[in-house]
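Please walk through this model with me, one chain at a time, and then look at how the parts meet. Keep the sequence and the structure open side by side while reading.

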Amino acid sequence: MKRKPFDTVGTSTEAILESICDGVFTVDSEWRITSFNRAAEQITGTSREQAIGQRCSEVFRSSMCEANCALRQTLESGQPIINRSGYIITAAGKRVPISISTAVLRDKDGTIIGGAETFRDLSEVEALRKQLKGQYQLGDLISHSPAMHDIFNLITAVASSNDTTVLIQGETGTGKELVAKAIHTLSARASEPFIALNCGALPDNLLESELFGHKKGAFTGATIDKPGRFALAGKGTLFLDEIGEISSALQVRLLRVLQEHSYEPLGATKSQKSQVRIIAATNRDLSAMVKAGTFRQDLFYRIQVVQIDLPPLRERMEDIALLTEHFISHFNQLLNKQITDISPEAMACLVAHDWPGNVRELENIIERAFVICPDSTIARHHLPVALQTAIPRDESHLDMQTHRDSHERQLIVSTLERNHYNRSAAARELNIHKTTLYRKINALAIPLPDADGRRKP
Amino acid sequence: MKAAFTIWDGRIAPVFDVAGQIVVIQRSDPSSTQQCTCLPTGSATEKILFLHQQQIDVLVCGAMTQSTQLIAEAHGIEVLPFIAGCQQEIIKCWLNDQPFEQHFAMPGCNGRCRQTRRRCRRGRGKTDHFKQGES
């Protein structure tokens, strides 16, 4: 087949192909590219000169190339393929979602001489779809809050730095252990053990033995050598939850391990090397504890190389519906039930709650509802009484507008509180104009304190 | 040193994410039989974890996203991505310690290979291959 690059636009067909936004290329019977239009250059990041004469799979680099080649199927069956979805990897290493269509090329005698493939860049459509769905997921963590999205990016970055110590701060039930597990799973230590220890659950001397292990005879009752959590974690990750609860003496020992990468089991005479990565977590404000003198400053800076602050659920109320849906699906699998959804009245109760126990509390409430719900829909009366009374019964029969107002009100109140009632800062965070915020405050009858947050009292 | 080459149809597989097979070569024992292994069918990350379990030091492959490359490097695997060409020729170059990224770069992907070499030189500089490239 004569190669016809579009470098000189000779015919009207070529002019049309050059002007469209869909990428088009043709191949001969040996899968070598014979023409490559302007849009194909832009989408793949490969110039026409570099593409012509090369194998299509090495220029197009599509997820379909190896086992699911649409063009091969078309040439074998003679049938075109329309709008098959997949993705390509550009020369810059970016993944671009595309849809492709294929056709057979024949000469004047009807003999097959090759094939044509057109493809459309779906990046914008995909971005819009994600924006509409607004959902981000990382491991077992799920959210569509922009704040959590930033945290997901931080987790990915931290995971690739293999030895960095991480401090995760957040209220109880915000998913600190899930974050630690996500960091471990994405890191090079994934195939090594992940060992978790709640430092607040054990008395000091027992915690020391749990962490570092002991030798036979180290103390009364130590009848055998016992490896500690450092030894069990090996080259993996040691997750120390509630690090703020450990005593001053243990803080010193832990600091030494972090500085020298070695420790001594109780009763041992020789040090043991530690290659473990430490991820610490707390629901307390460690910097405040440092100021109060109850937590060692040097240890604080050792463990806080990277700090991840998890927002409480009440600051990401937009996640309640998503998490509820996630837990319904999870418990359906776990408990072998077929619950499909939650009633609007029950959802209104969930949204009205302030979630002191965060995501764990929501998970427990959905689990409880699963136990007592015999139907396919979780209703208001399947929720704990405390949640049912959060809003009066007649208020739970809300229409769409009232639901939206209630949600908007909650979002505005929490943003104002976070910004110390500074209206301009709150408007900026909500990405709305200040006057729109004032209008909504009046319309929703949101009470404001006398101080407006601009001046210090 | 152990290298994995993603293969398809006698050539380097065009896309790592969907590659089905690798050939594993041990540089210290080039005369040993080239071992062909199936890659897991899941995500690119699952394939990387599999290679890590197989104690692969170097991965020679076709197109790969930047995020997958970062994950591979975080697992201690040196990556030579965007390579295209005959599997045997590329393996021969690697065994003979000859730089091949420029000659066997995918169409339009010379820059990607150069970036990788620079990053690896700045980083661990683990393989002899990269050390040679420095001189």
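Helices (H or I, at least four residues) and strands (E, at least two) are DSSP runs that are numbered from the N terminus. This is a predicted model, in which local features need pLDDT of at least 70 and side-chain atom pairs count only at pLDDT 80 or more, while totals for chains, interfaces and linings use all residues. Residues are numbered from 1 along each chain as its sequence is written, and chains are lettered from A and ligands numbered from 1 in the order in which they are written.

Chain A holds 20 helices and 18 strands. Of its 457 residues, 32% are buried, where buried means that 20 or more other C-beta atoms lie within 10 Å of the residue's own, exposed means 12 or fewer, and partly exposed is in between, with C-beta atoms placed from the backbone. Two residues count as in contact if their C-beta atoms, placed from the backbone, lie within 7 Å; among the contacts in chain A with a separation of 6 or more, 64% join residues 24 or more positions apart.

Two strands are said to pair if DSSP finds at least two bridges between them, and strand β8 (residues 166-170) of chain A pairs with strand β15 (residues 277-282) of chain A in the parallel sense over 4 bridges. Within that pairing, V166(A) has I279(A) in β15(A) as its bridge partner. Strands of a sheet pair through backbone hydrogen bonds, either parallel or antiparallel.

R61(A) lies in the loop between α4 and α5 (70-77) of chain A, and although R61(A) is not a glycine, its phi is positive, at about 50°. Is R61(A) buried or exposed? R61(A) is buried, because 30 other C-beta atoms lie within 10 Å. Helix α20 (residues 434-443) of chain A, by contrast, is hardly covered, with 1 buried residue among its 10 residues, and just after α20(A) comes A445(A), which takes a positive phi of about 55°.

Chain B comes to 5 helices and 6 strands, and from the N terminus on its elements run β-β-β-β-α-β-α-β-α-α-α. Buried residues make up 47% of the 135 residues in chain B, and residues 24 or more positions apart account for 49% of its contacts with a separation of 6 or more.

Helix α3 (residues 87-95) of chain B contains Q87(B), which is partly exposed because 19 other C-beta atoms lie within 10 Å. Not counting residues up to four places away in sequence, Q87(B) touches F5(B), I7(B), G10(B), R11(B), I12(B) and V23(B). The C-alpha atoms of Q87(B) and T6(B) are separated by 8.7 Å, although these residues are 81 residues apart along the chain. D97(B) is found in the loop between α3 and α4 (110-122) of chain B and has a positive phi, near 65°, in a residue other than glycine; with 12 C-beta neighbours inside 10 Å, D97(B) counts as exposed.

The two chains can now be taken together. Their contact takes 28 residues from chain A and 28 residues from chain B. On the side of chain A that touches chain B, the elements that give two or more residues are α3 (48-51), α4 (56-60) and α7 (146-160) of chain A, and α4(A) supplies the largest share, 3 residues.

A nonpolar core is a set of buried Ala, Val, Leu, Ile, Met, Phe, Trp, Tyr and Cys residues joined through C-beta atoms within 7 Å. In the largest nonpolar core, of 111 residues, I183(A), L59(B), V60(B) and I83(B) touch the most other members. Apart from this core lies another one of 18 residues, among them L323(A), L350(A), I366(A) and L383(A).
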